[in-house]
Amino acid sequence: MLTYTLRRLLLAIPTLLLISLVIFFLVDLAPGSPASEIPLTVPPDVRAKILESMGINQPVYVRYLLWLKQFFYVEPLNGIDALFGTSFADGMQRIISYQTRGPVFSLIGERIPQTLKVIGTAYLVGVLIAVPIGIYSAYRQYSWFDQAGTLLAMIGFSVPTFFSGTLLIIIFSVMLGWFPTKYDTTLVVTDWASFVKQIKQMTLPVMTLGLANAAAISRYMRSSMLENMGHDYVRTARAKGMSERTVVLKHVLRNSMIPVVTVIALGIPSIFGGAIITENLFGVNGIGSALIGAIHGNDLPMVQTLAFIFAILIVLFNLIADVLYGLLDPRIRYD
Amino acid sequence: MLDASPQTLVRVDGLKMYFPIYSGILRRHTGDVKAVDGVSFDIQQGETLGLVGESGCGKSTVGRALLRLYEPTAGSVVIEGEDIATLSPEALRKKRPTMQMVFQDPQASLNPRMTLANIISEPLVEHTNWSPERRLERVYELMDAVGLNRRFANRFPHEFSGGQRQRIGIARALALNPKFIVCDEPIAALDVSIQAQVVNLLEDLQEKLGLTYLFISHDLSMVRHIADRVAVMYLGRIAELSPRDALFANPLHPYAEALLSAVNEPDPSLARRQRIILKGDVPSPARPPKGCNFCTRCPKAFARCHAEKPELQEVEPGRHVACFLYTPETGDAKAGPTGVPEANEHLQQGETK
């Protein structure tokens with residue numbers, strides 16, 4: 001297992017390099033450049049100086065290699081400095097956002113807690129709703145509960161979050177007035193009252209996203225349970241005289257969780273990616289809205305860095321899912 | 001063995017297992033697949049009853065309904081004085097240790113995520129309050145009994161060969177000292193070389209532990225080897241139930257006759273190749289023919305066969321046949337088309353609870 005993991009990690013390096021190349025050049029080739037953001041009234045020589053200070057007058061391969069160096073060398077060193085108070089990275093050029101003129105990673109560091117808090121909770125809530133629904137739907141296949149679960153999943157699949165989110169706002173904020181319409185990023189939890197407020201403002205975005213997540217996962221859970229429910233070993237367990245609870249929760253569920261766990265693990269990178277629509281709808285100042293802002297403002301380093309971070313997370317969680325599969329299923333050996 | 005222990009362990013009466021068919025937009029109940037349609041038999045203590053028949057005739061369904069792995073539609077299954085078919089779920093669970101099953105597919109019937117020791121000891125966890133050491137001791141004991149090396153205790157099912165897996169299945173079934181074991185085609189998924197090993201193991205265990213078997217199989221020569229009495233099933237009903245030697249020497253029911261004519265004779269000089277080839281296909285169990293289930297293919301069918309269902313009745317000592325060609329009075333002499341009509345006895349028996 002360890003050699004397998006190491007081998008996969010080594011294989012990830014060329015994969016990621018290729019991805020970084022594609023991302024960098026694709027973003028660079030896209031229409032719109034930082035030069036277009038400079039007003040036309042600026043004289044040409046000043047304009048040239050601005051571009052030079054941003055490092056855009058260099059050929060594209062030089063910029064790519066510089067960005068790689070910054071991403072893999074300078075930024076980790078900065079991270080170490082920030083953690084341990086050392087000064088390895090002094091005087092080195094970090095990845096700078098065109099928009100804010102500040103380091104891209106500090107910006108990400110500011111945005112990521114909001115995203116993790118809201119989107120992460122939504123994912124967790126989605127899983128917690130989906131797994132029991134999936135189990136019970138499969139156990140009582142074609143019962144009214146199963147039909148209701150199917151309907152709910154269908155709604156979760158087919159109704160986009162900008163619609164369901166707006167609907168929730170209209171019902172619960174405008175008509176009933178239970179929850180605020182907007183998420184207040186500046187709220188700091190210090191006491192019980194502010195904690196309640198935080199929970200309240202998180203409820204709507206979490207439910208919007210949670211339902212969408214739950215729809216997919218509950219379907220996976222249900223079909224996986226159904227598949228295992230019909231297996232002979234379940235009949236063996238019943239013949240052994242196991243209680244129904246043991247049969248379902250020990251024999252069937254454990255075997256059914258194998259594919260579901262990998263689906264859940266593969267979905268985790270999307271948490272970091274944020275939910276662009278939902279974040280914008282509720283005004284959650286997270287990674288998703290940062291990415292949208294960067295795209296609008298032709299902030300190439302920001303877009304490139306964010307896209308590449310997502311790529312790394314996806315590769316990483318793919319590996320985690322595969323390793324989990326090996327750990328959960330004794331029939332799979334990675335040697 | 002039949003004479004040695006005449007005590008009845010299992011008594012099945014009018015067992016029916018219907019699987020409902022739902023069709024149409026409203027998914028209305030439009031019919032039933034009559035997988036088992038009124039089956040009655042007894043099994044004596046220490047006896048092996050063979051249950052044979054072609055694919056889809058309801059053999060396995062009988063086995064499963066017997067242990068209530070299916071909920072029988074009607075009928076009773078009395079094992080040691082308790083009616084399995086009507087026990088409450090909790091009482092049924094308590095009863096499970098006395099009756100066990102060896103399944104057809106040893107690969108699929110073992111949980112792939114449990115080690116051998118876990119598989120065998122799980123019933124002990126559920127039904128006894130033994131310490132882990134005692135349970136492990138029992139697991140080793142069982143592994144010895146079925147001829148598995150003790151070193152294998154922590155392996156997973158996929159690491160074994162088919163024959164070894166079936167031994168695990170048998171060891172698992174034996175864990176709680178059952179009295180009655182349903183062997184549902186235990187050798188069908190195994191190589192011929194392994195089949196003999198497993199059957200011999202089953203016989204040895206029967207001798208040592210005094211087990212009672214219901215041996216379901218479509219392998220007639222294997223049934224001839226292991227069974228004391230044999231029931232021949234056709235389309236959800238028992239056609240003939242006779243002692244093994246009598247049945248193989250002189251099958252009474254036309255279907256049993258046709259079925260047994262397919263058994264190969266190992267000695268070429270004795271080989272009598274007069275096979276009875278049945279015409280047509282088995283009717284659908286969802287729409288069985290009006291009279292005798294076998295009347296559509298029976299070479300000896302006459303008018304009455306198409307009108308009423310014959311009941312299983314004793315025509316000679318120990319021999320039960322469901323056919324109008326035989327009547328209890330006339331013994332094995334062919335009564336012919338003038339047999340005494342016994343209309344609708346089947347209905348009354350079917351509704352016995």
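The legends below describe close-up views of a predicted model.

**View 1. The interface between chain B and chain A.**
In this predicted model, 26 residues of chain B are in contact with 20 residues of chain A. The two chains bury about 2,100 Å² between them, and carbon and sulfur atoms carry 55% of that area. On the chain B side, 31% of the area buried against chain A comes from Pro112(B), Arg113(B) and Glu122(B), more than from any other three residues.

**View 2**
Two salt bridges are found across the interface of chain B and chain A. In a salt bridge, the side chain of Lys240(A) meets that of Glu122(B), with N to O at 3.0 Å. Glu122(B) is also one of the three residues that together supply 31% of the area chain B buries against chain A. Between the two chains, 15 residue pairs are in polar contact, with both residues at pLDDT 80 or more. Strand 6 (99-102) and helix 3 (116-127) of chain B are the elements that give two or more residues to the side of chain B that touches chain A. Helix 3 of chain B gives the most, with five residues. By residue class, the side of chain B that touches chain A divides into twelve nonpolar, nine charged and five polar residues.

A search of the whole structure, over all chains, finds zero disulfides. Cys292(B) is in no disulfide, and its nearest cysteine sulfur, that of Cys305(B), is 5.9 Å away. Cys298(B) counts as buried because its relative accessible area is 16%, under the 20% cut-off.

Helix 11 of chain A spans residues 287-296, and its buried residues are Ile287(A), Gly288(A), Ser289(A), Ala290(A), Leu291(A) and Ala294(A). The cover over these buried residues includes four other helices of chain A: helix 4 (104-139), helix 9 (244-273), helix 10 (276-282) and helix 12 (300-328). Just after helix 11, Asn298(A) takes a positive phi of about 55°.

**View 2. Thr208(A) in helix 7 of chain A.**
Thr208(A) lies in helix 7 of chain A, which runs over residues 192-229. Its relative accessibility is 3%, so Thr208(A) counts as buried. The Thr208(A) side chain reaches the backbone oxygen of Leu204(A) at 2.7 Å. Leaving aside residues up to four places away in sequence, Thr208(A) touches Thr161(A), Ser164(A), Gly165(A), Leu168(A) and Phe282(A). Phe282(A) falls within the residue range of helix 10 (276-282) of chain A, one of the helices covering the buried residues of helix 11.

**View 3. The fold of chain B.**
Chain B contains ten helices and twelve strands. Of its 353 residues, 52% count as buried. Among contacts in chain B with a separation of 6 or more, 64% are between residues 24 or more positions apart.

Note on methods: Residues numbered from 1 in each chain as written. Chains lettered and ligands numbered in written order. Predicted model: local features only at pLDDT ≥ 70, side-chain atom pairs only at ≥ 80, totals over all residues. Heavy atoms only, no water. Contact = heavy atoms within 4.5 Å. Buried area = accessible area lost by both parts, 1.4 Å probe. Salt bridge = Lys/Arg side-chain N within 4 Å of Asp/Glu carboxyl O. Polar contact = N/O pair within 3.5 Å; in protein donor to acceptor, adjacent residues only side chain to side chain. Nonpolar A, V, L, I, M, F, W, Y, C, P; charged D, E, K, R; others polar. Disulfide = S-S within 2.5 Å. Buried < 20%, exposed > 50% of the residue type's maximum accessible area, 1.4 Å probe, protein only.
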